[in-house]
Amino acid sequence: MGSAPSKDDDKRPTVEQPTPPAAAAAEQEDDEPDEWDKRIFSTGCAEENAKLTDCYYEKKDWRQCKEEMEMFKQCWKMQGNDKRTDSKDV
């Protein structure tokens with residue numbers, strides 16, 4: 001029959017497994033900008049977009065990110081993206 005785990009079992013050091021070459025290559029590819037990143041960078045407002053996204057991630061409520069949203073909107077207009085995408089103020 002088996003024995004119950006002892007308190008010493010929790011104190012054993014963990015062994016980190018080496019990263020397989022295929023996984024390492026995939027991680028390096030993830031550092032390359034994908035199509036979404038390229039589109040965001042092309043707007044000239046990637047920094048404002050990141051701040052807005054981070055705010056929403058932290059607060060889970062767009063209403064608490066009004067300042068970040070306004071900064072993004074201002075950048076969007078300054079970069080001429082409103083003309084490029086035919087967005088309209090409501």
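Modeller: Helices here are DSSP runs (H or I, at least four residues), numbered from the N terminus. This is a predicted model, where local features need pLDDT of at least 70, side-chain atom pairs count only at pLDDT 80 or more, and totals for chains, interfaces and linings use all residues. Residues are numbered from 1 along each chain as its sequence is written, and side-chain values use heavy atoms, leaving out hydrogens and water.

Colleague: How far does α4 reach from its first C-alpha to its last?

Modeller: Helix α4 covers residues 66-78, which is 13 residues. Its reach is close to the 18 Å expected, and comes to 18 Å.

Colleague: Which residues of α4 are buried?

Modeller: Buried means under 20% relative accessible area, exposed over 50%, and partly exposed in between (1.4 Å probe, protein chains only). On the other side of α4, Lys-66, Glu-67 and Met-78 are exposed. The buried ones are Phe-72, Cys-75 and Trp-76.

Colleague: What do the buried residues of α4 pack against?

Modeller: Contact means heavy atoms within 4.5 Å. Asn-49, for one, sits in α3 and touches Phe-72 as well as Ile-40, not counting residues up to four places away in sequence. The packing partners are α3 (46-59) and α5 (81-85).

How values were computed. Helix = DSSP H or I, 4+ residues; strand = E, 2+ residues; numbered from the N terminus. Expected span 1.5 Å × (residues − 1).
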